[in-house]
Structures are given as structure tokens and as C-alpha cells.
Number of protein chains: 2
Amino acid sequence: MLADQQILRLPGPSPIPPSVSRAMAQPMIGHRGQSTADLLGDIRPGLKKVFGTSQEVLILTASGTAALEAAVVNTVSPGEEVLVVVTGAFGERFADICKAYGIHPHIVETEWGKAAAAEDITEMLQAYPAIKAVFMTYCETSTGVLNPVKELAEAIRKNSEALVIVDGVSCIGGVETKMDDWGLDIVVSGSQKAFMLPAGLAFIAASERAWHIIETNRQPRFYLDLKKHRNNLLKDATPYTPALSILFGLKQALMLMEEEGLEGVYARHQVMMKMARSAFKALGVPLLTSDEDASPTVTAIRPEDFDAEELRKILKEEFAMEVAGGQQQLSKKIFRIGHMGYCSPADLLQAIAAIEIGIVKAGKKIELGSGVCAAQQVYLNGGMSR
Amino acid sequence: MLADQQILRLPGPSPIPPSVSRAMAQPMIGHRGQSTADLLGDIRPGLKKVFGTSQEVLILTASGTAALEAAVVNTVSPGEEVLVVVTGAFGERFADICKAYGIHPHIVETEWGKAAAAEDITEMLQAYPAIKAVFMTYCETSTGVLNPVKELAEAIRKNSEALVIVDGVSCIGGVETKMDDWGLDIVVSGSQKAFMLPAGLAFIAASERAWHIIETNRQPRFYLDLKKHRNNLLKDATPYTPALSILFGLKQALMLMEEEGLEGVYARHQVMMKMARSAFKALGVPLLTSDEDASPTVTAIRPEDFDAEELRKILKEEFAMEVAGGQQQLSKKIFRIGHMGYCSPADLLQAIAAIEIGIVKAGKKIELGSGVCAAQQVYLNGGMSR
């Protein structure tokens with residue numbers, strides 16, 4: 001096998017564009033100097049656009065989980081009630097964080113592979129009027145579900161004063177996000193998914209309404225105290241040492257998104273989602289999610305007549321191609337293809353062609369090329385066919 | 001379109017493996033110091049293996065053309081007769097160099113797209129017994145022909161004392177080369193093709209028989225005087241300033257070839273050739289060369305019912321994918337896909353899938369996915385079917 005090739009089709013980490021790698025290789029600069037201030041000044045407007053907000057998007061040097069924790073400890077206090085919408089492994093993480101802080105989570109859970117429904121949330125909010133915040137996942141990485149956060153937020157606002165808190169780690173930058181227009185109060189993301197960067201930075205923004213609560217919240221916190229982050233960022237600074245090389249990369253990644261245009265970025269992810277789905281439908285291999293619930297950044301496939309783990313092993317051995325397996329209850333039952341960030345329709349065609357070979361090697365009879373053909377047709381029809 | 005993506009499927013330059021790029025980014029070292037001596041000492045054995053020779057493979061800081069010129073000026077003198085085997089643009093270059101030095105080239109020419117035949121060469125050698133050297137091209141980049149240099153060399157040796165001089169720029173490192181066993185006297189290659197490096201280095205090796213002639217040859221030359229290069233390389237040095245960063249890269253590229261194994265590298269190129277050929281046969285798009293004459297590093301396609309230049313433009317615009325056009329008499333009539341060096345079967349599947357879309361957009365009706373399917377079948381059959 002060709003040495004040194006690695007085809008990363010995971011739902012994070014995602015591949016790094018060469019110009020971002022080059023940017024990250026810049027020599028270090030002092031993080032208290034003017035150069036870092038200039039860098040942060042360049043980054044701030046771009047991040048706001050991606051989040052769809054006029055608020056500052058704060059930059060934590062941390063993994064996404066720390067930003068989820070920041071969303072909890074800055075807005076809710078011990079003993080308070082919250083609602084956690086669990087559609088997979090990352091919904092559960094919100095609940096675990098709440099429990100660790102003595103916060104009482106009510107849970108709305110859907111079958112893994114299905115999106116959350118507004119009615120279920122409305123019902124819970126009416127049953128438990130003391131709920132202070134609703135935590136939900138935009139793209140549930142573990143299942144490839146994109147929850148309809150705009151509709152869910154609308155339902156919450158209609159029924160409650162609870163804050164709307166959204167984990168957008170595995171999709172923001174790849175799917176449209178209108179934090180302000182949709183009435184989201186806290187939105188979180190991470191660097192290693194659609195932002196085309198290595199892990200190490202997490203992003204978090206808060207609405208005016210959320211800031212009032214953050215300012216008066218008495219939950220003890222230090223590194224994750226968002227007030228300090230905002231006070232610093234407004235002066236183009238960070239409260240603690242930032243992961244400078246990833247900031248260099250972030251500036252470049254935002255420039256690439258600007259160059260393609262955010263509308264173009266979102267359209268590309270939509271087309272890739274439709275290409276992937278059409279391919280597996282043509283191959284007769286079941287998708288985990290419905291078309292309505294599917295995420296533009298990751299597609300989960302639940303094979304019935306071959307082994308998902310064997311396929312993954314074959315792809316790795318034959319093509320140095322990595323796709324993800326299932327997590328927790330879906331462990332060994334599904335495989336997941338990441339198509340986010342630095343991934344093009346041509347890259348997806350490659351993944352599908354290789355996976356077809358893998359499926360044959362895993363023992364299922366398919367018509368070779370038929371998945372590629374279906375994806376090509378989606379591409380040629382402008383990605384608008386389903 | 002995804003910004004910063006570039007899919008290079010040219011017959012040179014070829015893509016650079018990430019570890020080679022990283023190696024080339026090492027800080028400069030003095031080219032007269034021990035570090036450079038160590039570097040050259042590490043490189044020498046690997047280059048010999050790739051050339052299939054126990055002779056030193058000299059490293060010129062130059063493009064391939066300079067090494068072709070070195071092959072001429074070190075072995076032949078003004079007024080002498082040589083035979084040049086012309087199967088395309090690069091055969092012609094050898095003739096041009098000879099003429100520039102007052103050397104008289106007899107020409108054996110084949111139709112572009114066909115390999116040279118031993119009989120034609122034998123006939124010329126018998127007709128012109130004063131011929132001192134025969135110049136030929138191993139892979140003719142302009143047509144995708146692999147000339148049977150082993151058989152041609154055999155025929156030359158049987159009929160003449162002429163030196164056998166081979167331009168292997170666009171295939172050595174990707175196809176088996178047994179300089180010593182096959183009785184080749186001078187073999188030339190370059191860095192930017194199957195060696196997975198940027199352009200800037202050229203390689204040249206000479207047989208014992210050739211060295212006797214080189215040592216007494218009176219053609220004026222300085223930078224290209226192979227004696228100086230050999231005298232230095234035997235002491236792990238270069239006579240003039242070397243392109244150090246490409247030497248860093250060369251060491252790493254040779255390590256990657258070693259890791260895959262040369263047999264593995266050659267088998268991969270064979271499979272890719274067969275995949276490409278099967279795909280275009282299935283699509284009903286004519287290949288320029290016969291199966292027998294085809295090169296494992298580049299495939300030339302001569303479409304009849306769509307425009308090659310339009311296809312190239314579409315591939316560039318839609319997928320940032322570059323394939324080559326035709327040269328000279330084949331200009332605008334063919335397109336050429338490079339599948340050499342840092343290129344895997346998965347990369348070729350991607351190229352075929354994208355080209356299928358391009359062909360449809362260029363106006364030809366094809367069965368989408370059928371080229372990919374044919375290539376997948378070749379891959380699954382171990383690449384041994386034709």
C-alpha cells in the first residue's frame with residue numbers, strides 16, 4: 001500500500017487544508033504582544049459570521065467538552081432543574097456534566113438515529129416549569145442526526161423562559177447557523193470538525209439574555225468563566241495562554257470559508273450529504289437516519305448483511321481510509337462517514353468507490369459502481385434531487 | 001468549490017507526500033558540512049536500488065533536460081553519428097540536444113502512441129555501423145507509451161557496440177528498472193515524477209563501459225561533467241551547491257519506497273494502469289496506446305465524441321482536478337492522466353469518478369459509474385485481469 005497516505009473520513013478530526021497547515025507552522029509569537037492582538041482582531045468578525053451572531057464568539061483553549069461544561073457552569077446553579085435533549089452520545093454528555101455539578105437534568109430521549117421532536121420538549125417544559133435551561137445537540141455525531149434546532153428553539157421560547165443551549169461541535173461551519181435569528185442563547189463548537197483545524201480550540205457564544213444570567217451566576221468556575229473570556233476578547237486578548245498555532249490556523253480557515261462563501265460551504269455539505277445517502281440507497285445498504293433527520297456533515301450506515309467493523313478494517317488495510325464505527329449502543333452496528341470541512345464531492349466519490357470495494361470484500365454482493373453512479377447523478381442534478 | 005483543494009493527476013509534477021513536505025521544511029544545513037555528507041550517504045544506496053545498478057547514481061541540481069544533455073555531452077563528440085528513437089516529444093528532445101552539439105542523429109520514428117520496435121533499430125544499426133550511441137525514452141510522457149527498453153537494449157547489444165542511453169524521467173521509481181541486468185549504459189531520471197518530489201533534481205547513472213567513454217570524451221562541458229559528479233559523490237559530496245531541501249525530501253521519499261517495497265510500488269503502478277485502461281474501455285472512450293505499449297505511470301485518452309480540452313476545463317472548474325492535455329501533434333486531441341508516485345488506487349477511483357461527471361458535462365452520453373465499476377473489478381481481481 002502507498003506509504004504515507006491517510007484518507008480521513010471520520011466525523012472529526014477532519015483533514016487539514018495545506019494552507020492551514022502552513023499557517024500553523026508559523027513561528028511562535030508572544031501571546032501578550034500586538035501580533036496576537038492583531039490575530040484575534042482578524043479572527044473575531046469571521047467567527048461571528050459563522051455563528052450567525054452579533055455577540056462575541058469566545059475562544060477557549062480546550063476540547064469541545066470544556067465548552068459544553070462552560071455552557072453548564074456559567075448558566076445554571078446546583079439544585080436547579082434543566083432539560084437535556086438526548087439523541088445520542090453527545091446529548092448524554094450534557095446530562096453527565098449537569099449531574100457532576102449537582103444540577104437536576106430532566107431527559108427527553110429519542111431512539112438513536114432519530115431527531116428530537118418539538119412536542120416532546122414542549123410537554124416536558126409544561127410539566128416542569130422550573131426548568132432553567134434546555135440543552136440540545138445540533139448535529140449528533142454518534143448517529144448522524146441533525147436536530148432541527150431552529151424549530152426546537154421556537155417551541156422552547158413559546159413555552160418557557162429557559163435558556164436554549166446548543167452543542168454545535170460537529171456541524172457549525174458546515175451547516176447554516178443563525179444564532180441570533182433563531183433565538184439560541186448559548187452555542188458551542190470545536191475546532192476539529194467543520195472548522196478544518198486540529199482539536200484544541202472550542203468556541204462559545206452567548207446571547208444578551210444569557211449574559212445577564214452568566215453575570216449573576218454563582219456557580220464556582222475559573223478557567224471556564226466566560227466573563228473573563230469576554231472582557232479579554234473585547235480587547236483582542238485571552239485571559240490565559242491560547243493555543244497560538246491553532247489560532248494561526250483558524251485565521252486561515254476562516255479566510256478559506258470566506259473565499260468559498262458561507263453559502264457555498266453550506267451548499268457543498270448539503271450536496272455531499274445527498275450524494276452519500278443516494279449512494280447507500282442505490283447499494284441497498286440501510287441508512288441509520290431518515291432523509292429529514294440527516295446531517296450534512298456525517299452519514300451513519302447500518303449494514304444488515306455484512307459486518308461494519310470488518311468493512312472498517314478492510315478500508316484501513318486496503319486504502320488507508322478511516323471511517324468511524326458506532327458508539328455505545330450502536331457499537332459495531334454502524335459505520336459513519338465524515339464529510340465535513342476540508343472534504344469535496346470528489347473526496348466523497350472516492351470514499352464511496354472505496355467503500356463499494358470494501359463491501360464486496362466484506363461479503364455482500366452489490367452492483368459495483370452503482371453507489372458512485374447515484375452520487376454522480378446527485379452531483380450532476382445540482383445536488384437538489386433526493 | 002472547496003477552497004485550497006488541488007487534485008493533481010498530471011504526468012508530472014506529481015503530488016508530494018506529507019512526510020516528504022515536512023522533510024523538505026527542515027532548516028538549511030551547510031552543503032559542505034558533515035550533515036550533508038551523511039544525507040548523501042543515506043541517499044546513495046536507495047537510488048542504486050531504484051535504478052537497478054551497482055554504479056553510483058549521480059544527483060544533478062537541474063531539471064531532467066539537463067541530465068539528458070549530460071547523457072549526450074559526456075558520451076558523444078561533435079561529428080559523431082548516433083541513433084535517436086523517437087516515439088514522442090521527449091524522443092525529439094534527445095535529437096534536438098544532439099543537433100545543438102553538432103552530433104549527427106539518425107532517427108527511428110514511430111507513430112505517436114506506439115512503442116519502438118527492435119527490428120527498426122536493428123535495421124538502422126546495420127545500415128549505419130558508425131553509430132556510437134542509441135538514445136531512447138523509457139516512458140514517453142507525451143503519449144503514455146512505455147518502450148520495451150530491455151528488448152531494445154538486447155537488440156542493440158546484439159548488433160552494435162553503441163552505448164544504450166535511456167531517458168527514464170517519467171517512470172523510474174514507478175516501473176521496474178534493471179540497468180545492469182538489461183545492459184543499459186546511461187539511465188536518466190528526474191525528481192518530479194515517480195520519485196514524489198518537486199522538480200529540481202535529475203539523476204544519471206552510467207555503466208563501466210560508458211565510464212570508459214566519459215573519461216576520454218573531449219566534448220567541452222563543465223556543470224554537466226559527470227566525472228566531477230562521480231568523484232564528489234564517492235566522497236558523499238557534490239561538486240556544486242545542491243538543492244538541499246529536495247535532498248532532504250529525496251531521503252524521505254526513498255524511505256517511503258523502501259517501506260512499501262519496490263515490488264509493491266511497481267505492482268501498485270501496474271494495477272493503476274490496468275484500472276485506468278479498463279475504465280475507459282468500459283466507458284467507450286478510446287485509449288491512445290495498446291495494452292502492450294501502455295505505461296504504468298501515465299494513460300493517454302483520445303476521445304472521439306467530446307472535446308478533450310473542454311473536459312480538462314470542467315475537471316479544473318468542478319473538482320480542482322488537473323489532468324494534462326496533448327503536446328505538439330497531439331495538442332487538443334488527447335488528455336493524459338498521471339498515476340505515478342504518490343497516487344493510490346483510491347486516488348485513481350476518484351479521478352475516474354470525477355472524469356465520468358466531466359464527460360457527461362462535456363456532452364457525451366455514458367453509463368455513469370461504469371468506468372469506476374470496471375476499475376473496481378480490476379482492483380478486486382488483484383489487478384491481474386486485463
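Visitor: Does B:Arg312 count as buried, partly exposed or exposed, and at what relative accessibility?

Guide: Buried means under 20% relative accessible area, exposed means over 50%, and partly exposed lies in between (1.4 Å probe, protein chains only). At 27% relative accessibility, B:Arg312 counts as partly exposed. This is a predicted model, in which local features need pLDDT of at least 70 and side-chain atom pairs count only at pLDDT 80 or more, while totals for chains, interfaces and linings use all residues. Residues are numbered from 1 along each chain as its sequence is written, chains are lettered from A and ligands numbered from 1 in the order in which they are written, and side-chain values use heavy atoms, with hydrogens and water left out.

Visitor: With which residue does B:Glu309 meet in a salt bridge?

Guide: Side chains of opposite charge can pair when their charged atoms come close. The rule asks for a side-chain nitrogen of Lys or Arg within 4 Å of a carboxyl oxygen of Asp or Glu. B:Glu309 meets B:Arg312 in this way, at 3.1 Å from N to O. Both lie in helix H12 (residues 308–319) of chain B, 3 residues apart, about one turn of the helix. Helices (H or I, at least four residues) and strands (E, at least two) are DSSP runs, numbered from the N terminus. B:Glu309 is partly exposed, with a relative accessible area of 26%.

Visitor: Which parts of chain B does the salt bridge of B:Arg44 and B:Glu56 tie together?

Guide: The side chains of B:Arg44 and B:Glu56 meet at 2.8 Å, N to O. B:Arg44 lies in helix H2 (residues 34–51) of chain B and B:Glu56 in the loop between H2 and strand S2 (57–61), so the pair ties together parts that are 12 residues apart in sequence. Both B:Arg44 and B:Glu56 are buried. In chain A, the salt bridge of A:Arg268 and A:Glu260 has an N to O distance of 2.7 Å, and both of these residues are buried.

Visitor: How many salt bridges are found over all chains, and how many across the interface of chain A and chain B?

Guide: The search of the whole structure finds 40 salt bridges over all chains, whereas the interface of chain A and chain B has 0. Across that interface there are 20 residue pairs in polar contact, both residues at pLDDT 80 or more. A polar contact is a pair of N or O atoms within 3.5 Å; within protein, one must be able to donate a hydrogen and the other to accept it, and residues adjacent in sequence count only if both atoms are side-chain atoms.

Visitor: Which side chain makes a polar contact with that of B:Ser344?

Guide: The partner is the side chain of A:Gln5, at 2.7 Å. B:Ser344 is placed in the loop between strand S14 (335–338) and helix H13 (345–361) of chain B. B:Ser344 is buried, with a relative accessible area of 5%. Contact means heavy atoms within 4.5 Å; beyond its neighbours within four places in sequence, B:Ser344 is in contact with A:Leu2, A:Gln5, B:Arg268 and B:Met272.

Visitor: How many residues does the contact take from chain A and from chain B?

Guide: The contact takes 38 residues from chain A and 38 residues from chain B. Buried area is the accessible area (1.4 Å probe) that two parts lose on being put together, summed over both. Here chain A and chain B bury about 3,200 Å², 64% of it on carbon and sulfur atoms.
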